[in-house]
Amino acid sequence: MPTRTVLVGSASGLHARPAALFVAEAAKQPVLVTIRTGDKKPVPARSMLGVLSLGAKKGTEVTLEADGDGAQAAVDTLADLLERDLDAVDA
Amino acid sequence: MRELRGIGASPGGAAGPVYRLAPPPALPPSAETVDPAAEKAAVREAVLVVAADLTRRADTALDATAAEVLRAQVMMAQDETLIDAADIAIDGGADAPHALTDVLAGHRAAFEAAGGYLAERVSDLDDLRDRLVAACLGQPMPGVPDPGHPYLLIASDLAPADTAGLEPDLVLGLVTAEGGPTSHTAILARTLGIPAVVRCAGILDVADGALASLDGASGVVVAGVSAETVRTVNADRLAEIERRARSQGPGRTRDSHPVALLANIGSARDLTGEVEGVGLFRTELLYLDRSDPPSHEEQVAAYRDVFAALPGRKVVVRTLDAGADKPLPFLRLADEPNPALGVRGLRVARQTPTVLTTQLAAISVAAAATDADVWVMAPMVATAAEAAAFTESCREYGLPTAGVMIEVPAAALRAGQVLRHVDFLSVGTNDLSQYTFAADRMCGDLADLLDPWQPALIALLATCAAAGVEAGKPVGVCGESAADPDFALVLAGLGITSLSMAPRSIPAVRESLAAHTLDECRQIAEAALAAPSPEAARAAVAVLRSSSGWATGAPDEDIRIRG
């Protein structure tokens, strides 16, 4: 099952705008991608409440996982997004 | 037409349709028998209604940050996991409002556990819960109404949380049934320059959408006025605002005694329009919500942004004001049972001196790169020895003007001794009130004790101002009280040399000062100091102030030179 572990790159962490951008991108993927921190229970990447509740800050290690057709591409797209500083992206 | 009487809390006239602030819905007792299919449908319907309402508000929000918060709430409302979890709760016997409340309570706990930024967003979750529950129960949306056009906001009373997102361009005026001239509503209205009447019995009987007018000076509210009256009242108000907006130039009394009118800012973005200078540059923004302290380079860039915008003008930088009540993860401060009285402000440097020295070094580099007149001050100083140590640190980093904030009564009582070691004082009246009256700033029930017109607070201000006059050093005030046009006269009369406030409040204070001589301000200050209570102090000043002609609102020609 495609899996990637990356560090959150956004200055404000996975909150506010970075979280909104991430969740919106996750909703566009053809497969269900999950996200977790450490060994905690994974949450759907397209769940705003779930993603916020991770409490991931800049530099927090998060793991993405997905299964099925297009899973690798979906995980890669979202992992790349997480590594960027989404606070610096123009609205 | 029906005339209602209240207490004038913020001067000015306003008129328009009234809309009420609906209270949060009360969760009814759990239903005994539940039709799961109907409750699940109710959850979906509530999500649709709330998401549509929040989306509309986001689309019309004038403030980009407010719009972002609203869009995030829409995403939370539409979260599939919310509906899934609610369905499970309903299968377990809950009705729709209880199911939604329980599910959101779980996320609330996770937010609180995460701390920092997320803990502060708990109020967004609570607001979402209230909206969903209200939608389930068929009640009006709680919170500040958003009819999509300017209106008069009416309420039983307003709590700080209700008014955080208040849009001054849409809220023409405020009328509350309860509260008093020192309540949060009144303070907020004066700060935002919104006319307000408090303690107006009967206002809640006026129907949403009905036209009404209010006079924030006399406290008279008239319900059922004509559209013509609404136009006239608002045209007069607009003319007054435009006249104030044209007022420019440095603050001074009618006889040209200077009282600098400075801005309170958190970043360069808060600098709107022309200001004499900045009296309080809060540096906390840079530190919030991060696991490591900001680097030297990052700090230099942020400070330079502000300094570069104010060539030749004064900028007073307050060093980091953090503590257990405003926690920063990298400081690793221990949990304190009483954070307001714990290790905060300058006291942090006792354990972690590098945070302060890094900041002073960055301020120094940024100051050297620009032409701003950079002053630096420390928060939460209690003794002359602490003040001396801070000045010494500033000098080591080549910062020529070092001062301290007076927020602790101990420092106010010994203002003269403190001033021997520093170049200036800045009185933070909000915290000085909190510590003088042993009354938590966040405690609404104690609002009367936190009134800046309390004679004990004025006495401490007088001590600080007198020490400044004797030492020939500036003593300014930053805090709620400086933005009150009447209290500004008291402060000028006491010998305070600068007033720092939200930029929006400056024109009214400028106008007030320009209408009085320094001698009149001194009489006003004496009357306030001699009064036995805040009410008596206000009343005494109102009498003196109207006898000198300010009540007519005629501005001095001198302050309109750029009009």
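**Salt bridges, interface and buried residues**

Student: In the salt bridge that B:Arg129 forms with B:Asp130, how far apart are the closest N and O atoms?

Tutor: Residues are numbered from 1 along each chain as its sequence is written, while chains are lettered from A and ligands numbered from 1 in the order in which they are written. This is a predicted model, in which local features need pLDDT of at least 70, side-chain atom pairs count only at pLDDT 80 or more, and totals for chains, interfaces and linings use all residues; side-chain values use heavy atoms, without hydrogens and water. A salt bridge requires a side-chain nitrogen of Lys or Arg within 4 Å of a carboxyl oxygen of Asp or Glu. For B:Arg129 and B:Asp130, the closest such atoms are separated by 3.3 Å.

Student: Is B:Asp130 buried or exposed?

Tutor: Relative accessible area decides the matter: buried means under 20%, exposed over 50%, and partly exposed in between (1.4 Å probe, protein chains only). B:Arg129 has 25%, so that residue counts as partly exposed. B:Asp130 has a relative accessible area of 16% and is therefore buried.

Student: Which residues do salt bridges that share partners join into one network?

Tutor: The pair of B:Arg129 and B:Asp130 was described above. Through shared partners, one network contains both of these residues together with B:Arg108, B:Glu112 and B:Asp126.

Student: What is the area buried between chain B and chain A?

Tutor: The contact (heavy atoms within 4.5 Å) takes 18 residues from chain B and 19 residues from chain A. Buried area is the accessible area (1.4 Å probe) that two parts lose on being put together, summed over both. Carbon and sulfur atoms give 66% of the total, which is about 1500 Å².

Student: Across this interface, how many salt bridges does the rule find?

Tutor: B:Glu68 forms a salt bridge with A:Arg17, with the closest N and O atoms 3.6 Å apart. Across the interface of chain B and chain A, the number of salt bridges found is two.

Student: Which residues have the most contacts inside the largest nonpolar core?

Tutor: A nonpolar core is a set of buried Ala, Val, Leu, Ile, Met, Phe, Trp, Tyr and Cys residues joined through side-chain atoms within 4.5 Å. The largest has 90 residues, and those with the most contacts inside it are B:Phe307, B:Val490 and B:Leu499.

Student: Which helix gives the largest share of this core?

Tutor: The share in question is eight residues. They come from a helix of chain B that spans residues 455-471, namely helix 16.

Student: The backbone oxygen of which residue lies 2.9 Å from a polar atom of the side chain of B:Thr283?

Tutor: B:Thr283 is placed in the loop between strand 10 (277-282) and helix 10 (296-308) of chain B, and its relative accessible area is 2%, so B:Thr283 is buried. Leaving aside neighbours within four places in sequence, its contacts include B:Tyr303, B:Val317 and B:Gln359. The backbone oxygen at 2.9 Å belongs to B:Arg318.

Student: What is the relative accessible area of B:Pro379?

Tutor: B:Pro379 is found in the loop between strand 12 (373-378) and helix 12 (384-396) of chain B. Not counting residues up to four places away in sequence, B:Pro379 touches residues including B:Arg318, B:Gly345 and B:Met405. B:Pro379 is buried, with a relative accessible area of 0%.

Key: Helix = DSSP H or I, 4+ residues; strand = E, 2+ residues; numbered from the N terminus. Polar contact = N/O pair within 3.5 Å; in protein donor to acceptor, adjacent residues only side chain to side chain.
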